[in-house]
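Thanks for coming. I will take a few minutes to go through one model, starting with a term we need and then moving to the metal site and the charged pairs.

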Amino acid sequence: MQADLEMVKALLDGSRKVVVLTGAGTSAESGVPTFRGRDGLWKTHRAEDLARPDSFANNPELVWEFYNWRREMVGKCKPNAAHEALAEMERQIPNFLLITQNVDGLHSLAGNRKVVEMHGSLWRLKCTVCAHVREDRSRLPPVPECPVCGHLLRPGVVWFGEPLVPGVLRLAIEQINSADVFLSVGTSNLVQPAASFYQLAKDHGAVTVEINLEPTVNTGFMDFALHGKAGEILPELVTGF
Ligand code: NAD
Ligand code: ZN
């Protein structure tokens, strides 16, 4: 792996445009549980079963209890070495874009400026009826209501089965199509369309690199696969970090 690591580092040093896709594994070392790891349980519910529009429609109290718990937990987490290395990478590479599936806001806290939050943010609230949207990190009531129309607020995240935030996919595709290097970090590559971004990058001539704790369904298709902790591998790829 050391030889591959050196090659990827040289590749990044010489590249002008890099697109990085991150997933829950990037925040694991900050103490944010992933959905599919052994920590992906909340009380007796699978996190994946709560992050759904039908769960919210059937039981908004339960889904809000889960999200209020996540907001409180993630609010105490700090960016880790993987986030810091990606912030430094943005400062060094002329054209850099970070696309994240994470909703924890840790990339921005670490200092990345060009961040696309594909799945929204835990810190955003949206009205279920009117157009009210706001960023809010404060402690919320058990079931928060819209200050404009009085209906239910919901977390500003994209749930399983919902469309992405408008414009996000077009921007991601545009940027990936002209990248020299595409890095996929800490994602199991089971959630579409992000799991197929590597294919777009490859079709347009980018070198593709996976960094993940373990092999994923995409590993065999990547030019390089570096397996281990993102917080240990990424700092080694950034010069002077
Ligand atoms: P996932 O849970 O499906 O996969 C995480 C991957 O990260 C796994 O393959 C795991 O092996 C790997 N991993 C774990 N620790 C790692 C480490 N230290 N370094 C490198 N890799 C590590 O996550 P996903 O693919 O992002 O899909 C989950 C969905 O759930 C996303 O769409 C996301 O919106 C949401 N989610 C977000 C957060 C967050 O914001 N931090 C947390 C959980 C889930
Ligand atoms: Zn409203």
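First the term: a residue is called buried under 20% relative accessible area, exposed over 50%, and partly exposed in between, with a 1.4 Å probe and protein chains only. By that rule R46, with a relative accessible area of 44%, is partly exposed.

Some ground rules. This is a predicted model, where local features need pLDDT of at least 70, side-chain atom pairs count only at pLDDT 80 or more, and totals for chains, interfaces and linings use all residues. Residues are numbered from 1 along each chain as its sequence is written, chains are lettered from A and ligands numbered from 1 in the order in which they are written, and side-chain values use heavy atoms, with hydrogens and water left out.

Now the metal. Which residues coordinate the zinc ion (ligand 2)? They are C127, C130, C146 and C149, each through SG, at 2.2 to 2.3 Å. Donors here are N, O and S atoms within 2.8 Å of the metal (3.2 Å for Na, K and Ca); water is not among the atoms, so sites may look incomplete. The angles among the four donor atoms run from 99 to 119°, and the site is tetrahedral; for four donors that word requires all angles to lie between 85 and 135 degrees. Along the chain the donors follow the spacing C-x2-C-x15-C-x2-C. C130 sits in the loop between β6 (120-127) and β7 (133-135), and C149 in the loop between β7 and β8 (153-157), 19 residues apart, a pair linking distant parts of the chain. Helices (H or I, at least four residues) and strands (E, at least two) are DSSP runs, numbered from the N terminus. C130 is partly exposed at 26%, and C149 is partly exposed at 30%.

Next, the charged pairs. A salt bridge is a side-chain nitrogen of Lys or Arg within 4 Å of a carboxyl oxygen of Asp or Glu. How many does the structure hold? Twelve salt bridges.

One of them joins E48 and R46, at 3.0 Å from N to O. E48 is buried, at 19% relative accessibility. R46, E48 and D49 are linked in a network of salt bridges.

Another joins R170 and E174, at 3.4 Å. The two are four residues apart in helix α8 (residues 168-176), so about one helical turn separates them. R170 is exposed at 56%, while E174 is partly exposed at 41%.

That is the tour; I will take questions now.

Notes
Four donors count as tetrahedral if all angles lie between 85 and 135 degrees; four count as square planar and six as octahedral if opposite donors are over 155 degrees apart and all others between 65 and 115; anything else is irregular.
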